[in-house]
Amino acid sequence: MAGDSSFFVIPGALDEARFSKSLRGLVAKLDDAKPAQGFELLDCHDQSLRASGKILIEAGGSLHLLKDGETISQRCRGKRKFIQNLPAGPVRDALADFPELRALMSVGAGRIVNRAFAILDDLQKTQVRGTVMTLSSDRGQVSLVAVQPLRGYDRAFNTVCEYLETAASGATGVEPLFKGLFPDLNVYKAKPEIRIGTQEPSIEVATDIIRTYISVARQNEAGVIADIDTEFLHDYRVSLRRVRSVISLFKGVFSPEQTADLKREFSDLMAPTGRVRDLDVYLLEKDDYFRLIPPQLHDGARAMFKQFEKERSQALGRLSRRFRSQAYDQQMTSLAELFADPANLQPGPNADRTAYEYACALIWKRYRKTCKLARSITPDTPDEDVHELRIDCKKLRYLMEFFAPLFDAKAFKTIIKPLKKLQDNLGLFNDFSVQQEALLGFVQQHSNTQGRADAQLALSVGGLIAVLDQRQKAERDRVIANFQLFDSPDIRHLFRSLFHHKGD
């Protein structure tokens with residue numbers, strides 16, 4: 001039985017003759033097919049709609065969302081747009097939980113034919129209504145059949161659904177559509193699962209992690225070049241940051257010479273992305289900046305953001321040309337080949353240490369160092385020490401995430417949660433600090449030879465810096481408070497029981 005579901009994904013085209021014969025005294029009346037038109041299947045890069053069982057199709061200037069057994073439509077286009085930027089309507093409302101930093105993009109395209117149908121009794125009275133969307137790609141064809149029950153005709157509705165369930169071979173959800181139309185479309189994962197064995201040599205663990213995240217970085221290059229949304233560059237940078245963390249934190253796994261060479265190479269890869277990311281962050285926070293200062297200071301802020309937009313366009317152009325260059329492609333290809341096999345690498349003294357033993361030693365040492373620094377933080381501690389704590393927490397978090405498969409999942413979740421909270425506070429503290437420095441630098445850069453800046457610009461920036469300074473001070477207090485949660489007796493006991501072994 002169909003239950004509450006009222007749409008089905010059927011391989012190929014709907015067999016009208018068999019459909020009609022299955023209806024036991026009812027008659028299927030299908031309208032003439034509308035002319036075929038192009039369609040695009042929309043989702044974000046990590047396919048959050050697919051993961052939540054939704055299908056979003058753009059065709060003929062409209063969006064059609066299949067969600068929870070119903071079809072919702074709205075006249076508008078969605079490709080390359082953020083959900084919050086769509087015009088008001090039922091599709092935008094239904095996608096309120098879509099990631100706000102992710103833009104809709106085409107994940108597949110083809111041709112679509114729409115037909116409506118009605119199921120009639122012998123008195124020609126309509127008992128069920130429905131639509132058939134037949135979608136074709138260069139790899140296959142599927143039909144999306146939506147069925148609408150009418151009050152008082154449950155038996156007819158169930159009869160229709162029984163046939164459609166059989167035609168769908170019992171498959172449910174949206175995966176049959178992807179398998180039928182785009183079988184080679186893999187789901188992007190910013191943090192793929194990496195299997196680790198307790199006795200696996202540490203050099204193999206390091207190689208697996210680095211190889212995986214080089215691949216993740218490369219999957220984001222096209223999105224950066226196309227400037228679909230800012231998360232492509234963010235994910236690219238995080239992936240390479242994880243690679244650098246392995247090289248830095250897995251001490252003694254690679255030879256000292258190769259470790260130094262790899263640190264330098266990945267640092268050089270990251271360097272050209274920094275300014276674009278900084279400008280992305282400023283522009284993403286544009287509305288917040290305007291809310292922080294009174295309206296009479298907005299003119300200066302507008303001039304500043306106009307400059308940011310111009311600089312970002314230029315910086316992104318340079319980065320895109322780099323990503324498209326043969327030299328860059330050869331460099332990334334060579335790195336992927338290097339980490340394809342641990343035998344390609346120069347082992348260090350810890351290369352053969354088993355993963356579990358090595359993980360415990362690394363995490364316990366990093367945890368103790370982090371706690372020692374955190375316990376010294378007071379309202380008067382220099383900002384540099386707070387920044388150092390942020391870096392230590394990040395290193396501890398990376399180590400724990402790298403080796404998570406080796407430990408009890410429930411215990412890990414318990415200790416990661418307060419660490420994440422502390423990291424959030426430290427991240428905001430750092431952001432407020434960096435933004436103040438950047439704003440001061442911006443004013444200096446746009447001052448004349450006598451060091452005088454435009455009055456409106458200087459006033460606006462001064463107002464922003466004052467507010468950011470207050471927020472930074474408040475965040476420092478939260479860092480101290482949330483470290484107490486992370487440093488609770490229960491969390492200390494869990495760290496000791498998981499990672500501290502005699503002789504460490």
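**Figure 1. Lining of the largest cavity in the predicted model.** In this predicted model, helix H7 (221-226), H10 and H12 each supply at least two residues of the lining of the largest cavity. The residues that line this cavity are Gly-223, Val-224, Asp-227, Asp-229, Leu-233, Val-276, Asp-280, Arg-312 and Leu-316, and by class they comprise four nonpolar, one polar and four charged residues. The space inside the largest cavity comes to about 40 Å³, and the structure holds one cavity of 30 Å³ or more.

**Figure 2. The largest pocket and the helices around it.** The largest pocket has a volume of about 1800 Å³, and of the 45 residues that line it, His-234, Val-238, Arg-241, Arg-390 and Lys-394 are the closest to its centre. Two or more lining residues come from each of helix H8 (231-249), helix H9 (256-270), helix H10 (274-284), helix H15 (383-403) and helix H16 (409-445). Among these elements, H8 gives the most to the lining, with 13 residues. Sorted by class, the lining of the largest pocket consists of 16 nonpolar, ten polar and 19 charged residues.

**Figure 3. The second largest pocket.** For the second largest pocket the volume is about 480 Å³, and the closest to its centre, of the 14 residues that line it, are Phe-82, Thr-230, Asp-280, Leu-283 and Leu-284. At least two residues of this lining are supplied by each of H10 and helix H11 (286-292), and the largest share, three residues, comes from H10. The lining of the second largest pocket has five nonpolar, two polar and seven charged residues. Asp-280, named here for the second largest pocket, is also one of the residues that line the largest cavity.

**Figure 4. Two aromatic pairs within helices.** A search of the whole structure finds 24 aromatic pairs, among them the pair of Phe-305 and Phe-308, which is edge-to-face, with 5.6 Å from centre to centre and 85 degrees between the planes. Phe-305 and Phe-308 are three residues apart in helix H12 (residues 298-324), so about one helical turn separates them, and both of these residues are buried. In the pair of Phe-495 and Phe-499 the ring centres are 5.6 Å apart and the planes stand at 50 degrees, so this pair counts as tilted. Phe-495 and Phe-499 are also separated by about one helical turn, because they are four residues apart in helix H18 (residues 489-499), and both are buried.

**Figure 5. A cluster of rings, and charges over ring faces.** Ring pairs link Tyr-356, Trp-364, Tyr-367, Phe-407, Phe-412, Phe-483, Phe-486, Phe-495 and Phe-499 into a cluster, which therefore includes the tilted pair of Phe-495 and Phe-499. Elsewhere, a charged side chain is placed over a ring: Arg-50 lies over the face of Phe-178, at 4.1 Å from the ring centre, while the charged end of Arg-102 sits over the ring of Phe-232, 4.9 Å from its centre.

**Figure 6. Strand S1 and its antiparallel partner.** Four of the five residues of strand S1 (residues 7-11) are buried, and the strand is thus mostly covered. S1 pairs with strand S9 (residues 141-149) in the antiparallel sense, over five bridges, and within this pairing Ile-10 has Ser-143 of S9 as its bridge partner.

**Figure 7. Two arginines with positive phi.** Most residues other than glycine have a negative phi. Arg-24, although not a glycine, has a positive phi of about 50 degrees; its place is in the loop between helix H1 (16-21) and strand S2 (27-30), and with a relative accessible area of 60% Arg-24 is exposed. Arg-80, which is not a glycine either, has a positive phi of about 70 degrees and lies in the loop between strand S6 (70-75) and helix H3 (90-94). At 44% relative accessibility, Arg-80 counts as partly exposed.

**Figure 8. The setting of the close-up views in the whole chain.** The protein chain contains 18 helices and nine strands, and its C-alpha trace spans about 85 × 65 × 50 Å along its principal axes. Of the 504 residues in the protein chain, 49% are buried.

Conventions:
Residues are numbered from 1 along each chain as its sequence is written. This is a predicted model: local features need pLDDT of at least 70, side-chain atom pairs count only at pLDDT 80 or more; totals for chains, interfaces and linings use all residues. Side-chain values use heavy atoms; hydrogens and water are left out. On a 1 Å grid over the protein atoms alone, a cavity is a set of points where a 1.4 Å probe fits but cannot get out, and a pocket is an open set with protein on both sides within 12 Å along at least five of seven lines; lining residues have an atom within 4 Å of a point. Grid points are joined across faces, edges and corners, and a volume is the space filled by probe spheres set on the points. Ala, Val, Leu, Ile, Met, Phe, Trp, Tyr, Cys and Pro count as nonpolar, Asp, Glu, Lys and Arg as charged, and the others, Gly among them, as polar. Rings of Phe, Tyr and Trp (its six-membered ring) pair if their centres lie within 6.5 Å; planes under 30 degrees apart count as stacked, over 60 as edge-to-face and the rest as tilted. Buried means under 20% relative accessible area, exposed over 50%, partly exposed in between (1.4 Å probe, protein chains only). A charge sits over a ring if NZ of Lys or CZ of Arg is within 6 Å of the ring centre and within 35 degrees of the ring normal. Two strands pair if DSSP finds at least two bridges between them.
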